[in-house]
Amino acid sequence: MPPPTAVQAKDFASDQEVRWCPGCGDYAILKAVHKTLADLGVSKERTVFVSGIGCSSRFPYYMSTYGFHTIHGRAPAIATGVKLANPELDVWVITGDGDGLSIGGNHTLHVLRRNVNLNLILFNNEIYGLTKGQYSPTSRRGTKSPSTPQGSIDNPVSACAFALGAGARFVARSIDTTMPHLVQILKRAHAHQGASFVEVFQNCVVFNDGVFDHFTSKEAAVEAQLHLEHGLPLLFGKDRQKGLRLKRGRLELEVVTLGENGIALDDVLVHDEKNLVMAQMLTGLQPPAFPVALGVLYCDPAPSYEAEVYAQIREAGGPTDDVGALLRHGRTWTVD
Amino acid sequence: MGIQTEPRTGREERDQVVIRFAGDSGDGMQVTGAQFTVETALAGNDLSTFPDFPAEIRAPAGTTFGVSAFQIHFGALDILTPGDELDVLVAMNPAALTTNLGDLRPSGLVVVDSGAFGDRNLQKAGYKQNPLDDESLAKYQVLKLDITRLTLECVKPFELGQKDALRCRNMWALGLMLWMYGRERASTIESIQKKFGKKSPAIANANVAALNAGHAFGETAELSRELVAYTVPKARQAPGAYRTISGTEAIAYGLIAGVKASGLRKLVFSGYPITPASALLHTLAGLKPYGVVTFQAEDEIAAICAAIGASYTGALGVTSSSGPGVALKTEGLGLAIAIELPLVLVNSQRAGPSTGMPTKTEQSDLYQAVYGRNADSPLPVIAAATPADCFDVAIEAVRLAVGYMTPVILLTDGFLANAAEPWLIPDARGLPRFPVTFRTDPAGFHPFVRDEKTLARVWAVPGTPGLEHRVGGIERAFGSGHISYDPENHQKMTDTRFAKIAGIANDIPLQGVALGGPRGKLAVVGWGSTFGPIQAGVQAARAEGLDVAHIHIRYLNPFPQNLGELLGGYGKVLVPEMNNGQLVTMLRSTYLVPAEKLSKVTGKPFKSAEILSAIRARLEP
């Protein structure tokens with residue numbers, strides 16, 4: 001029996017009734033976050049969830065921590081203000097593909113390049129759910145939706161490629177229903193100092209059901225998922241017999257099979273989280289030719305934005321409450 | 001040589017003077033004006049300045065649209081405006097002459113650099129022939145000096161390139177004007193040395209040499225008829241320590257003083273570059289030791305959102321912009337209104353709509369401030385009257401924001417942002433105090449527990465144990481803060497938000513009369529930076545025996561409780577505004593008074609003479 005003070009996953013749930021559609025992938029992510037926070041033993045009062053608008057952004061209402069449901073796309077900017085005012089707080093930003101990559105794409109870009117020390121989880125369901133099913137910036141070409149009855153003609157954005165391009169120093173991927181994996185990734189994100197970007201493939205049961213089945217379903221997973229581990233070879237498939245290597249003389253990945261054509265384990269590339277070029281190549285892999293790369297694509301820490309902001313403030317001197325000195329600084333003269 | 005100026009005999013006395021320095025935007029007219037301002041303040045005159053410059057950073061040389069000007073009005077009297085008419089125009093080239101001559105009073109003095117009146121410059125300014133050679137300047141006193149040549153000669157020993165040497169012309173002209181009005185040069189020399197001394201001693205020394213040469217020219221030139229020296233006696237000023245202060249500096253100091261008065265530990269200022277508001281970001285970025293965190297956001301929206309995030313976290317979030325940027329912040333303001341967080345938004349208004357005229361002043365964002373949001377979303381709006389008033393108004397903005405848990409809009413404008421005046425430095429110990437208490441007690445807590453009197457909700461800051469809660473833009477239940485779509489609750493919350501802001505009328509001073517009695521034939525009602533010209537115009541009208549009063553409104557939403565009654569005491573109400581009639585509509589719709597508009601949207605402030613003639617037109621039979 002654990003001592004009564006121990007924090008359990010359910011202690012991070014608020015008393016509010018969850019209002020997502022039955023079967024929504026968001027439930028699984030919520031559970032994973034509850035478990036992550038319980039495992040980490042973080043304090044509720046120092047944890048803040050900030051979200052924008054959309055299905056995913058209702059998330060803070062279901063947490064027993066501090067929570068702020070803001071306006072569409074602006075959660076990263078508001079979270080930046082939170083960290084500027086109190087860098088000690090543990091801040092999580094919850095966003096979606098529309099919120100974080102369309103209306104709020106600019107703020108996602110800047111929070112990542114500034115490297116504000118927070119964790120940003122982007123729920124990617126490739127659809128606008130709350131507004132009833134329009135195609136989103138991550139929807140694949142040809143997506144039929146109320147606003148694109150003949151199929152969408154926009155090219156989709158890749159969330160992780162965008163994050164890497166923005167200069168994110170931690171980029172990872174997971175799937176809503178793969179509880180142990182998602183928890184492990186969220187813990188890595190939390191441990192990372194600086195902005196952590198986690199894309200979670202999330203199934204929308206109502207408007208885009210099964211859109212990720214080709215790599216998330218039980219049948220497809222083995223051949224279509226590549227689980228990245230720093231320092232380990234890029235192996236996947238049944239009995240981990242398949243691997244990735246660079247094509248001879250080209251900056252291009254290819255799938256090889258161990259034991260075929262003289263391929264040995266040494267021929268397979270080893271994952272290096274600090275290698276940006278490798279992260280970019282892995283991010284772009286798509287079925288059916290390649291597996292989807294999951295796990296930590298890139299992790300190369302650097303000082304956080306707010307740490308440097310406060311270093312400059314200390315360098316500037318003070319702090320002082322002397323308003324008199326403020327008003328008198330510079331050139332003054334006296335009238336008798 | 002010594003830089004102490006001996007008191008001279010033979011100087012004529014003037015009680016007030018208006019000078020405008022005008023030249024190319026690369027001629028250093030703003031620096032020249034600013035230095036003349038410092039020396040004038042140190043000489044004990046009251047003063048008011050008006051920097052007027054183009055939006056282009058370095059417009060093509062010699063063109064009329066590239067002219068940059070700095071006007072200063074100083075004197076022994078109480079100086080209220082930068083001046084209607086110029087007594088002296090210093091024109092560094094033909095373009096500066098042609099664009100500014102119309103403001104010079106008849107028989108005023110025009111000082112021109114004749115060396116800059118070559119064919120090319122004349123052509124660019126649109127002159128068919130040289131105005132220095134014909135009768136076109138006959139009604140003025142003209143002082144033609146080859147400042148270009150005189151400058152090049154005096155800086156020769158420093159072996160500068162032609163370009164750097166010519167850049168000293170403004171200091172020569174400044175030296176002459178400092179001599180003409182008996183000002184010192186010490187501060188200017190100190191400032192030149194500070195600016196160039198380390199980087200380039202030759203440039204520093206050349207500028208000082210040019211300054212001294214211009215000064216010496218005045219003293220020694222045998223031009224007794226054309227070149228008259230003046231004395232402007234000290235203004236009668238209250239004893240104490242003074243400084244010059246621009247509206248931007250005063251806002252920055254006031255925001256800091258307000259945050260200190262509230263007991264909050266941090267001011268988080270978050271802005272995005274925009275003319276003319278950026279200066280506030282620059283000023284505060286240099287004041288970090290006073291508990292200031294500055295953040296240059298990626299856009300206007302992020303700027304207000306970061307400020308909201310900071311306020312949510314227990315700092316005072318402040319953001320600033322000009323009209324087009326404020327438009328982008330609108331949704332953020334709605335969020336701050338909905339979740340009831342303190343925030344100060346400073347709008348340095350400029351001529352619009354759209355990009356409009358970024359460096360020109362206007363006060364046309366009043367509707368935007370009071371009405372310009374979706375839904376029923378009231379917030380307090382206050383406006384500053386003068387550069388020094390910006391200090392008090394900024395403190396007041398902070399008081400209302402933290403006292404009522406509401407965003408507050410503080411309106412200034414391009415004129416106030418840049419203009420400067422002498423300021424009797426207040427005793428910091430005498431400043432207001434309004435300590436803020438964060439909620440810490442979990443007993444009976446929810447985030448929308450309200451103060452019975454002010455209706456302000458509690459401020460519960462992340463990091464406080466036991467107060468974990470969720471807030472958001474979705475309508476909140478009155479009694480818990482939880483999401484609520486209940487119809488009656490929305491009515492109640494809308495009514496409560498309205499009543500909270502309306503109740504501020506009980507917590508602000510009654511509307512006073514700035515000049516004149518509480519009843520009469522005519523009240524001239526203004527707000528914002530029109531204070532100076534209206535006050536001067538009403539003064540002049542009253543001196544003529546006209547029955548007119550000046551009412552200046554600081555609180556634009558809510559209005560002071562007695563405003564309607566006060567306006568009812570006058571036969572007529574005239575509302576001069578640098579917009580097409582915004583306050584006038586608000587007064588008419590709120591109080592059903594037959595107020596009349598007086599509109600000016602030229603990008604320039606009212607002249608007191610314009611106010612005076614409008615008063616005469618309404619009161620003379």
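Author: Let us begin with a pair of strands: E10(A) and strand E11 (residues 242-246) of chain A run antiparallel and are joined by two bridges. Helices (H or I, at least four residues) and strands (E, at least two) are DSSP runs, numbered from the N terminus. Two strands pair if DSSP finds at least two bridges between them. This is a predicted model, in which local features need pLDDT of at least 70 and side-chain atom pairs count only at pLDDT 80 or more, while totals for chains, interfaces and linings use all residues. Residues are numbered from 1 along each chain as its sequence is written, and chains are lettered from A and ligands numbered from 1 in the order in which they are written.

Reader: Which residue stands opposite Lys242(A)?

Author: In general, strands of a sheet pair through backbone hydrogen bonds, either parallel or antiparallel. Here, the residue opposite Lys242(A) of E11(A) is Phe236(A).

Reader: What is the order of the strands in the open sheet of chain A?

Author: The order is E10-E11-E12 (chain A), an open sheet of three strands with antiparallel pairing. Strand E10 (235-236) and strand E12 (253-257) of chain A each have a single partner strand and stand at the edges, so one side of each lacks a neighbour in the sheet.

Reader: How should I read the packing of two helices?

Author: Axes are lines fitted to C-alpha atoms, for helices over the stretch in contact, and angles run from 0 to 180 degrees between N-to-C directions. In chain B, the axes of helix H4 (residues 147-155) and helix H6 (residues 169-180) cross at roughly 105° and come within 9 Å. That makes H4(B) roughly perpendicular to H6(B) (angles under 35 degrees count as roughly parallel, over 145 as roughly antiparallel, 65 to 115 as roughly perpendicular and the rest as oblique).

Reader: Which residues of H4(B) and H6(B) meet?

Author: Two residues are in contact if their C-beta atoms, placed from the backbone, lie within 7 Å. From H4(B), Ile147(B), Thr148(B), Leu150(B) and Thr151(B) meet Arg169(B), Trp172(B) and Ala173(B) in H6(B). By class, this contact of H4(B) with H6(B) has four nonpolar, two polar and one charged residues; Ala, Val, Leu, Ile, Met, Phe, Trp, Tyr, Cys and Pro count as nonpolar, Asp, Glu, Lys and Arg as charged, and the others, Gly among them, as polar.

Reader: Is H6(B) covered or exposed, and how many of its residues are buried?

Author: A residue is buried if 20 or more other C-beta atoms lie within 10 Å of its own, exposed if 12 or fewer, and partly exposed in between, with C-beta atoms placed from the backbone. H6(B) is mostly covered, with twelve of its twelve residues buried; among them are Arg169(B), Trp172(B) and Trp179(B). From its first C-alpha to its last, H6(B) reaches 17 Å, close to the 16 Å expected at 1.5 Å a residue (the expected span is 1.5 Å times one less than the number of residues). Gly182(B), which follows H6(B), has a positive phi near 65°.

Reader: What backbone geometry deserves a second look?

Author: Most residues other than glycine have a negative phi, and most peptide bonds are trans. Asn261(A) has a positive phi near 50° and lies in the loop between E12 and H9 of chain A. Glu340(B), also not a glycine, has a positive phi of about 60°, in the loop between helix H13 (330-339) and strand E13 (343-349) of chain B.

Reader: Are Asn261(A) and Glu340(B) buried or exposed?

Author: Asn261(A) counts as exposed, because 7 C-beta neighbours lie inside 10 Å. Glu340(B) is buried, with 24 other C-beta atoms within 10 Å.

Reader: Where are the cis peptide bonds from Pro287(A) and from Asn557(B)?

Author: The bond from Pro287(A) to Pro288(A) is cis, with omega near 5°, and Pro288(A) is in the loop between helix H9 (276-283) and strand E13 (292-299) of chain A. The bond from Asn557(B) to Pro558(B) is cis, with omega near -10°; Pro558(B) is in the loop between strand E20 (555-557) and helix H19 (563-567) of chain B.

Reader: How many residues does each chain give to the contact?

Author: Chain A gives 50 residues and chain B gives 59 residues. H2(A) supplies the largest share of the side of chain A that touches chain B, eight residues.
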